Amino acid sequence: MVELPRRWYNIVPDLPAPPPPPLHPGTRAPLGPDDLAPLFPADLIAQEVSTEPFTDIPEEVREVYRLWRPTPLIRARRLEKALGTPARIYVKYEGGSPVGSHKPNTAVPQAYYNARQGVRRLTTETGAGQWGSALAFACAQFGLDCEVWMVRASYDQKPYRRSMMGLFGATVHASPSPRTTAGAKVLADDPDSPGSLGIAISEAVEAAAPDDTRYALGSVLNHVLMHQTVIGEEALEQLGEAPDLIVGCTGGGSNFAGLVFPFLRGKLAGGHSPDVLAVEPAACPSFTRGRYAYDYGDTAGFTPLLKMHTLGHDFVPDPIHAGGLRYHGMSPLLSHMYELGLFRATAKPQRECFEAGVLFARTEGIVPAPEPTHALAAVVEEARRCAATGEAKVILTALCGHGHLDMAAYDRYLSGEMRDHDLPEGRLDAALARLP
Ligand SMILES: *Cc1c(COP(=O)(O)O)cnc(C)c1O
């Protein structure tokens, strides 16, 4: 059996050029570590700007990882058979974690480094509820209080995620909430706002102002992507053959980066060169239809300016069921790598994704979360192409979470009520016109 990794991998020093720096929202000067100190503990800031390729994983963190890691790499033979494909499909499954997704891989070290610095309380936002439950679990491991702003649409649709956060000891508010200036402002304009990750981030950042409180982000940032590389490091050991194609879904990019970065290490050093594909929702297509520009990470404009593929900081995506993929921006590091041509991206409408999810559940017996069904839809498409051409490609994907709490979404798909959302060019243009 594969060993639990001892180090996280930072891809930045291996890139031909470093990513553009975040800018201060007021002065527009490159951000220094001091600017981040009110939000994050020193160790995480150091990781955020690190140029070291490897960081040792603290033993206290490895002890918690051992509750569910190493995670299985599954050869999806029954899916291959159903598709009649000569392709070999491998799935790295993160659904066995305490909250059923990859998110605890970063929540645990984030809570650990905050606790070590004497922080008492963490605030955060959550879309579908996976990140909020992961941070709630992690805070419980290290004795921290946890306060979560949950996007209203999910708060109403996903009561069990809310329950899970409460069970792990967190306090949960529906966002937009009247508890923050940012939330109250949105509610004044639109009392029925379904919320968005951008709005919830504004609220959680605002609530992190007290001295004993810090903020935690579940995706997008460099240190988060680095923590997730435990996924790819294990897969690299487990796979035993070189993948031709690696596919992942992208919301802010962390599970994709976590799987892919260790495989790109060889490619960047001039070795084996896998084809890599990011899959995003057609209703929130930051790579494929967004602009590569400096934008805020949140709706209210509290965060630093990040150079990323963005749909505009006040773009509110349609309420698709893959709540974890409803973010207007994308990791700046991945955005930079996309510009460097290190991987491709495509967008999928949700019904095609659920079709792949149902096929996967019926063949392999695992119900995928709506987010990774985006990756599965692209895998199925490629495997069918291989069936037609006879190519025996090796395909690797991250099944980054299970869908046991997403049965309402599967019900809608199975009853034929689910629809795809068009995203007219005009709506995008309007949001992009408001870039800072
Ligand atoms: C949060 C989440 C995502 C999206 O976040 P990334 O940072 O892009 O990985 C995707 N899938 C699941 C199961 C999630 O919980």
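**Reading a helix, its neighbours and a ligand site**

Modeller: What covers the buried residues of helix α10 includes β5, β6, β7, α9 (181-189) and β8 (213-215). Contact here means heavy atoms within 4.5 Å, and helices (H or I, at least four residues) and strands (E, at least two) are DSSP runs numbered from the N terminus. This is a predicted model, in which local features need pLDDT of at least 70 and side-chain atom pairs count only at pLDDT 80 or more, while totals for chains, interfaces and linings use all residues. Residues are numbered from 1 along each chain as its sequence is written, and side-chain values use heavy atoms, with hydrogens and water left out.

Biologist: How many residues of helix α10 are buried?

Modeller: Buried means under 20% relative accessible area, exposed over 50%, and partly exposed in between, with a 1.4 Å probe and protein chains only. In α10 (residues 197-207), 10 of the 11 residues are buried, so this helix is largely enclosed by the rest of the structure. Among them are Leu197, Ile199, Glu203 and Val205.

Biologist: Which residues of helix α8 are buried?

Modeller: In α8 (residues 159-167) they are Arg161, Met164 and Met165. Viewed down the axis of α8, they fall within an arc of 100°, so they line one face of the helix; the arc is that of the directions from the helix axis to the C-beta atoms. Tyr160 and Leu167, on the other side of α8, are exposed. The buried residues of α8 pack against β5 (121-126), α6 (130-142), β6 and β7.

Biologist: In what sense do strands β6 and β7 pair?

Modeller: Two strands pair if DSSP finds at least two bridges between them. Strand β6 (residues 145-151) and β7 pair in the parallel sense, over five bridges, and Val151 stands opposite Ser175 in β7. Four of the five residues of β7 (residues 171-175) are buried, which leaves the strand mostly covered.

Biologist: Which residues come nearest to the ligand?

Modeller: A residue is near a molecule if one of its heavy atoms lies within 4 Å of it. Of the 17 residues around the ligand, Lys103, Ser219, Gly251, Ser254 and Asn255 come nearest. A polar side-chain atom of Lys103 lies 2.7 Å from a ligand oxygen atom, and one of His102 lies 3.0 Å from an oxygen atom of the ligand. Gly251 instead places a backbone N or O atom 2.7 Å from a ligand oxygen atom.

Note on methods. A polar contact is a pair of N or O atoms within 3.5 Å; within protein, one must be able to donate a hydrogen and the other to accept it, and residues adjacent in sequence count only if both atoms are side-chain atoms.
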